[in-house]
Amino acid sequence: MNIVLNGASGSGKGTLARFLAADYGLQHVSTGDIFRENIAKKTELGRKIESFVSQGLWVPDDITIAALLDRIKQSDCRNGIILDGFPRTLAQAKALDLAIVIDYVLAIEVTDEVVIQRLGGRFICKDCNEIHNKRWDKTEKCKVCGGELFQREDDKEETILRRLQNFRANNDEILNYYRERGKLLLVKDKIENSPEMTYKLF
Ligand code: ADP
Ligand code: ZN
């Protein structure tokens, strides 16, 4: 089974992806994580994309598609994947359809207010990438591995707004693309919901 998770930054899709991956034995594939890893390791890909990611601009389609297709060819993706942060453009959605069959697209609808509040409180484990939020995770260290938590460079208000604008400008046509193909499940999220509560809505 292959699932696409769709939602703005801060919609909680990264956290949902982790729940789904654990419950259904699927591999979590996040283009944001792939990019951040490559930046940290200073790979050739990392050097190419660093300035886009740090400014909250999208990485060009050709680079993003190549990186994703390369990742999902690996053996840990054989039993199915949860895609988080991909596709974000129609070109990416079409390239994906040429490579694998997507069974469901789970879309989380959130208001700008939710996004700004959640991203402002987001902290990530530097060792295992686990996502935490000050609002419901009352820990100083990672709740999974005890690692140190940090706030992402691109989780500043100005950058958050730019990512949100990009998302809103492109997402309707992606949702329509999957709706026409009968794959779309849409859930409206509420500001007071934790990711655990949103997961139960699906
Ligand atoms: P968020 O969902 O919080 O914005 P991600 O971790 O998904 O963050 O992505 C971080 C950054 O990586 C994005 O701001 C963008 O620069 C880049 N990125 C990730 N996925 C894509 C994609 N599918 N297309 C283009 N750029 C992407
Ligand atoms: Zn951790």
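Modeller: Let me start with a term: a polar contact is a pair of N or O atoms within 3.5 Å; within protein, one must be able to donate a hydrogen and the other to accept it, and residues adjacent in sequence count only if both atoms are side-chain atoms. This is a predicted model, where local features need pLDDT of at least 70, side-chain atom pairs count only at pLDDT 80 or more, and totals for chains, interfaces and linings use all residues. Residues are numbered from 1 along each chain, chains are lettered from A and ligands numbered from 1 as written, and side-chain values use heavy atoms, without hydrogens and water.

Biologist: What makes R163 a polar contact of ligand 1?

Modeller: An N or O atom in the R163 side chain is 2.8 Å from a ligand 1 oxygen atom; the cut-off is 3.5 Å, so the pair counts. For R88 the distance to an oxygen atom of ligand 1 is 2.4 Å, and for R36 it is 2.9 Å.

Biologist: How much of ligand 1 does the protein cover?

Modeller: On its own, ligand 1 has 540 Å² of accessible area (Shrake-Rupley method, 1.4 Å probe; for residues, only the protein chains shown count as cover), and the protein covers 97% of that.

Biologist: Why are β2 and β3 called paired strands?

Modeller: Pairing takes at least two DSSP bridges, and β2 (residues 27-30) and β3 have four, in the parallel sense, so they pair. Here S30 stands opposite D84. Strands themselves are DSSP runs (E, at least two residues), numbered from the N terminus.

Biologist: And which strand pairs with β3 over three bridges?

Modeller: That is β1 (residues 3-6), also in the parallel sense, where V4 has L83 as its bridge partner.
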